Each structure stands twice: as structure tokens, then as C-alpha cells.
Amino acid sequence: MATIAFPPTDFLISVATLAQLPSDQGREIAFAGRSNAGKSTALNAITDNKKLARTSKTPGRTQLINFFKIDDQHRLVDLPGYGYAKVPTEIKARWEKTLIQYLSKRESLCGLILIMDIRHPFKDTDQLMLSWAADSKLPIHILLTKADKLSRHEANKTLHSIQHSLKQYPQTSVQLFSATHKLGLAPARQQLLNWLQLA
Ligand code: GDP
């Protein structure tokens, strides 16, 4: 597929609670995934901005929601990585509540990019994210990251089996992705631009 450019995207604001969210207007897309799945790397690759999301932070340390601005009406949202064992249960529970509220109430949210390491797909919270998003009628696009870690044959096999298991969820799509090999950049960007109505 030919290269597709992504519009310049800059840091907007970090928030710790839903009360601090930027005004709920225009369109925004959230990125979610387990810590270390490659979410920051994918955000940086897609926006072609190496400094946008910080990579390799201490996993689970920050529970902030980071907003990035394309323009006044279009945003990308980096949700905190989950699945980090050392996060205390009460913080996890509080965070889940915040997340469910965000996914169900945010009017401008028009899609969810779910980041999964192709070698460890569909962990518990990934399944929860899928069902929460489905409950909120939110379309989901899954990036199977680090596809370079598998042979092409193995990667395609995993892709097909995941496509099969996603049949129960309407409005859900999945693709292979590798930031290091620049694999899947064009379809990922196209999906975002379609949802943002910038295509
Ligand atoms: P995050 O916690 O989900 O934001 O994960 P990061 O983006 O910080 O990535 C976690 C680790 O995986 C880092 O060491 C990255 O360099 C590595 N990584 C991310 N994407 C890829 C990829 O496409 N291929 C490979 N081989 N490594 C990757």
C-alpha cells in the first residue's frame, strides 16, 4: 500500500481525572493496551513524531490520560497501559471505573485502537476492553504489534485466528503492525483518518 501521511500532531494535555478532560467536541480516537505492548511506539510511528508519546516508561507508574492535538476538532488519546502486576487492586478498580465512564460517556470518542503484542494477544484486560467498547457501540481496530518478532507465516496464522475469534464483535477489525519494520503503517493511518473524517 502506498504511504499515507498523517497530519502534524502535538502534545495537548495530561489529565488524571475525567473532570479535567478537554472539552468534549469534535472527534477523538483512544489508544489502549497492556503495558509494554508497544502503544507509545505505535503512536509515534503512526504520527511520524518520535517524541510524541514517551516510550519505555516505568510500566504502570503513570495513570494519566495524555491528549494529543491534530487541530481544534481532532485529537488522539493515549490511555494508561494496563496489566501491570504491581499496581494495587484498589487503584486498578478505580482506573477501570474511570475507563468505563470515559468509553461510555465521551461523545467525541469515535474509535478505539487496541494495541496487542502479537505474541501475547487477548489477555484478560484486552477482553474487557473489547466488551466495554462493544457495550458502548464503539468501533475497535486492533494493531497486532511487534509482528516482526514472528515469521510472516506465523504472523498471518495469528492474524487469521484472531479475525475468526472477533466475528462475535461487530465493528471490529485487526491488522498486523510493526513499528520497527514500518509494517502496517498505511492501513493504521487510513483507519484513523477515516474515523476522524479527515480522509
Ligand atoms: P508501551 O508500554 O505499550 O507504550 O510500549 P513501548 O512503545 O514503550 O514498547 C515496549 C517495548 O517494545 C520497547 O522496548 C519497544 O522498543 C518495543 N517495541 C515496540 N514496538 C515494536 C515493534 O514493532 N517491533 C519490535 N521488535 N519491538 C517493538
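The model is predicted, so local features need pLDDT of at least 70 and side-chain atom pairs count only at pLDDT 80 or more, while totals for chains, interfaces and linings use all residues. Residues are numbered from 1 along each chain as its sequence is written, and side-chain values use heavy atoms, with hydrogens and water left out.

**The chain as a whole**

- The protein chain has 5 helices and 7 strands; helices (H or I, at least four residues) and strands (E, at least two) are DSSP runs, numbered from the N terminus.
- Along the sequence, these elements come in the pattern β-β-α-β-β-α-β-α-β-α-β-α.
- The radius of gyration is 16 Å, close to the 16 Å that the globule rule gives for 199 residues, so the protein chain is as compact as a globular protein of that length. This radius is taken over C-alpha atoms, and the globule rule is 2.2 Å times the number of residues to the power 0.38.
- Along the principal axes, the C-alpha atoms fill a box of roughly 45 × 35 × 35 Å.
- Of the 199 residues, 47% are buried, meaning under 20% relative accessible area (1.4 Å probe, protein chains only).
- Among contacts with a separation of 6 or more, 77% join residues 24 or more positions apart; a contact means heavy atoms within 4.5 Å.

**Helix 1**

- After helix 1 comes D48, with a positive phi near 55°.

**Around the ligand**

- The ligand is surrounded by 17 residues, and the closest are N36, K39, S40, T41 and D148; a residue counts if one of its heavy atoms lies within 4 Å of the ligand.
- By class, this shell has 2 nonpolar, 9 polar and 6 charged residues. Asp, Glu, Lys and Arg count as charged, Ala, Val, Leu, Ile, Met, Phe, Trp, Tyr, Cys and Pro as nonpolar, and the others, Gly among them, as polar.
- A backbone N or O atom of N36 lies 2.7 Å from a ligand oxygen atom.
- For G38, a backbone N or O atom lies 2.9 Å from an oxygen atom of the ligand.
- A179 also has a backbone N or O atom 2.9 Å from an oxygen atom of the ligand.
- The protein covers 80% of the 580 Å² of accessible area that the ligand has on its own, by the Shrake-Rupley method with a 1.4 Å probe.

Notes
Polar contact = N/O pair within 3.5 Å; in protein donor to acceptor, adjacent residues only side chain to side chain. Buried < 20%, exposed > 50% of the residue type's maximum accessible area, 1.4 Å probe, protein only.
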